[in-house]
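Here is a quick tour of a two-chain model, written for someone who likes to check things on screen. Have the viewer open and follow along.

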Amino acid sequence: MTVSSVISSVVVVGGGIAGVSTVAELRKKGYVGDLTLLSADPVPYDRPPLSKEYLAGGRDLDSIALQAPEWYVDQRISLVGGVVAVALRPDAGEVELSDGRVLTADRIVLATGGRAVRPSLGEIGSAIHVLREVGDADRLRTQLVPGARLLIVGAGLIGAEVASTARKLGAEVVLVDPLPVPLAAAVGIEVATWLHGLHADHGVGALTTTVETLLETPAGVAAQLTGEPGSREFDAVLLAVGLVPETALAEAAGLETSRGILVDAGQVTSHPSVLAVGDCARLRDHPRAEHWEAAQLDGARAAATILEAEPPPTTASWWWSDRYGLHVEGVGEMRSPDAEHQTVVRGVVGEPPFSVFTLRGERVIGAVAVDDPNAVRAARRMIDRGVDVRASDLADPGTDLRKLLRR
Amino acid sequence: MDTAKSQGIRVASVDDIPEGEGIAISSDITGTEDDIAILRDDDGTCWALNDTCTHETASLAEGWVEDGDVECPLHSSRFNLKTGKVDGLPATRDTVPHRVEVRDGEVYLFPGERP
């Protein structure tokens, strides 16, 4: 009898993309035992729309559900919504819930996600927001009315997406970040400079500065920006300065954590019957990915580990973002040109569709595209398959990138 | 069934669709609710699916076609070219396949007929 054949119960703690992917992959790979998914929300939903279509009011909660409610029934997944886990006892295989129940399982998968960083800039109140949960988006949306003055702190992907959505809704936006060119490491300096410049093109006041204090006043929020003589008044403030992995449950249970619940390549934590996936987890000696697909693949790997099945093939990390009607995607790793690395532009930066590749020798290691998603799909396959390419072929928009893969 | 319909609608020459790519045929021509994507797999075979991804609004005709699947150009959900079955979030609903036939290098579409 193999080990996997004696696994007859799995509890997954957390209903984000990582948790839902874990249960979906377990069933897809043929697991027939008990399967429970704990979700703080009644029905697990997808988070990317919270800064985009959902925030804009174009999608409702049902339409961003990760799976329809009947899917859980069809898949024989016991979805326990509206509860959180309050204690984990790894040796006993127990998870204690906020409603007092205790669940027992052969394997426990932690998919507890993360929470938005809340810098101590003053009291967080009704006009000062973070954006992680659907409730956060609902609260922020009520304030994004035409003419409302919004301060966004942090010009990373979420901050930029909300700036775009808020402008669409008619709000006045000031966006501050200490970096003159945010996202340069993710997309390369040239694309980052152009992307950041889009804010000003769309009427956003993009400032390179920091916020020293936020003070709620009867009129809204007074924000003191570094280097300015007086404070500025806003109706709402969004703090979009990053994510803290939710590790409290794991820490209290004695699992090893360090900027995330530490896992091995099979998503197993320091306790052999507890796994961790998604934003709460960190592969030893690696940074956390914090992207949607990375969380999904974690779930697939955890399912494979539990069932002693073949893990999904490794693939270059991929992400997308949307701003001002443009679709931005990235894959792999972008590097500045140096002795080893070369930057190749296909098309013209700033005139979508275009894409930019990082080459190490004749190998693509990363790519970013604006409104040119198939360039990223091609680049991903070049990276995954280790295809040799010539810079001149990549740079020529007349070259069919698919053909470079077939050589 | 009238003759024109039983023979399908001629929508393209097969050479107009590079392997691994697709074209969208307007619902004005197909008479269906959604536009229909004619997708050519990397082995040269032609398939047809409803064009709009079941997740949001992307056109599957602009997707990446390979190994029997089309990958959505926005969020990379995959749909089986023959069955329309979705494999991979964020899309959760299958899409609709339609029958196509290639005769003398021309692609004929049979909207509403299963392949």
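Buried here means under 20% relative accessible area, exposed means over 50%, and partly exposed is in between (1.4 Å probe, protein chains only). Strands are DSSP runs of E with at least two residues, numbered from the N terminus. This is a predicted model, where local features need pLDDT of at least 70, side-chain atom pairs count only at pLDDT 80 or more, and totals for chains, interfaces and linings use all residues. Residues are numbered from 1 along each chain as its sequence is written, chains are lettered from A in the order in which they are written, and side-chain values use heavy atoms, with hydrogens and water left out.

Let's start in chain B. Of the five residues in strand 4 of chain B (residues 46-50), four are buried, so the strand is mostly covered.

| Partner strand | Sense | Bridges | Residues opposite each other |
|---|---|---|---|
| Strand 3 of chain B (residues 36-40) | antiparallel | five | Arg40(B) and Cys46(B) |
| Strand 9 of chain B (residues 97-103) | antiparallel | two | Leu49(B) and Pro97(B) |

Strands 3 and 4 of chain B make a hairpin with five residues between them, and in the turn Gly44(B) has a positive phi of about 95°.

Now for the interface. Counting contacts as heavy atoms within 4.5 Å, chain B puts in 23 residues and chain A 26 residues. Together the chains bury about 1,800 Å², 44% of it on carbon and sulfur atoms; buried area is the accessible area (1.4 Å probe) lost when two parts are put together, summed over both. On the chain B side, Trp64(B), His75(B) and Leu89(B) lose the most area to chain A, together 36% of what that side buries.

Seven salt bridges link the two chains, each being a side-chain nitrogen of Lys or Arg within 4 Å of a carboxyl oxygen of Asp or Glu. One of them joins Lys28(A) to Asp87(B), with the closest N and O atoms 2.8 Å apart.

Finally, chain A. Glu96(A) sits in strand 5 of chain A (residues 94-97) and counts as partly exposed because its relative accessibility is 26%. Beyond neighbours within four places in sequence, Glu96(A) touches residues including Val84(A), Arg89(A) and Val102(A). Ser321(A) is 225 residues from Glu96(A) in sequence and 37 Å away in space, C-alpha to C-alpha.

Methods:
Pairing = 2+ DSSP bridges.
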